[in-house]
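Hello,

Here is the structure I promised to pass on. Please have a look at it first, and then read my notes below.

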Amino acid sequence: MSADLVWLCVRNNNAFLMKRNGAQFTSEPNNLTNLNSFKFSGLAQKKALGLTASDKGLVLTKKSTKGSNASKPKSANVTMTLKRDIRRVARSIRNSTQKYRPDLERVALARAAALFRAKRSKAIGAKPKGKRHTKKTATA
């Protein structure tokens, strides 16, 4: 089935879609930005790219385009665990997206940086700054 036809079927109704305050977000796998758009869709695109965090590092997931695995959804995803520092992870992402999906390179690098930042702040025990102001009670 063509990617355009799949997108027409799943763009307004699917299990991963979340509509909040006029914006449409998605929680589908292999979607780097979690925006409901054809460019980033992991369901509709034949070549999709995903980045997730794990205990050992970042997991880079690519949809297989080989003829034997393309029709088997379970074995269509190829995963790589990136365990090194951010520079080597960025180099691996650049190399893997260069010929696969060059339009997703910057988005994948931004996602990797955000995941590394979150992992680092979690490791040192830093609490995220709240956006609400709390009232300080005067002790008498």
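Let me start with a loop residue: N34 sits in the loop between β2 and β3 (strands here are DSSP runs of E, at least two residues; helices are runs of H or I, at least four residues; both are numbered from the N terminus). N34 is not a glycine, yet has a positive phi of about 60 degrees. Its relative accessibility of 29% makes N34 partly exposed (buried means under 20% relative accessible area, exposed over 50%, and partly exposed in between, with a 1.4 Å probe and protein chains only).

Before going on, a word on where the values come from. This is a predicted model, in which local features need pLDDT of at least 70 and side-chain atom pairs count only at pLDDT 80 or more, while totals for chains, interfaces and linings use all residues. Residues are numbered from 1 along each chain as its sequence is written, and side-chain values use heavy atoms, with hydrogens and water left out.

N21 is another non-glycine residue with a positive phi, here about 50 degrees. You will find N21 in the loop between β1 (17-20) and β2 (23-26), and at 86% relative accessibility N21 counts as exposed. I mention these two because most residues other than glycine have a negative phi.

Next, the helix pair. α3 and α4 pack at an angle of about 155 degrees, with their axes 10 Å apart (axes are lines fitted to C-alpha atoms, for helices over the stretch in contact, and angles run from 0 to 180 degrees between N-to-C directions). On the α3 side, the contact is made by I86, V89, A90, I93, R94 and T97; α4 brings E105, A108, L109, A112, A113 and F116 (contact means heavy atoms within 4.5 Å).

Then there is the largest nonpolar core, which has 14 residues (such a core is a set of buried Ala, Val, Leu, Ile, Met, Phe, Trp, Tyr and Cys residues joined through side-chain atoms within 4.5 Å). L32, L49, L51, L58, L82, I93 and A108 touch the most other members. At least two residues each come from β3 (49-53), β4 (58-63), α3 and α4, and the largest share, three residues, is supplied by α4. Leaving aside neighbours within four places in sequence, L51 is in contact with L32, L58, V59, L60, I93, A108, R111, A112 and L115.

Finally, how many salt bridges does the structure hold? There are three (a salt bridge is a side-chain nitrogen of Lys or Arg within 4 Å of a carboxyl oxygen of Asp or Glu):

- E105 pairs with R94, the closest N and O atoms being 4.0 Å apart. This pair links distant parts of the chain, with E105 in helix α4 (residues 105-124) and R94 in helix α3 (residues 86-98), 11 residues apart. E105 is partly exposed at 21% relative accessibility, and R94 is partly exposed at 39%.
- D103 pairs with R101, with 3.1 Å between the closest N and O atoms. Here D103 is partly exposed at 38%, whereas R101 is buried at 9%.
- D85 pairs with R88, the closest N and O atoms being 3.2 Å apart. D85 is partly exposed at 36%, and R88 is partly exposed at 36%.
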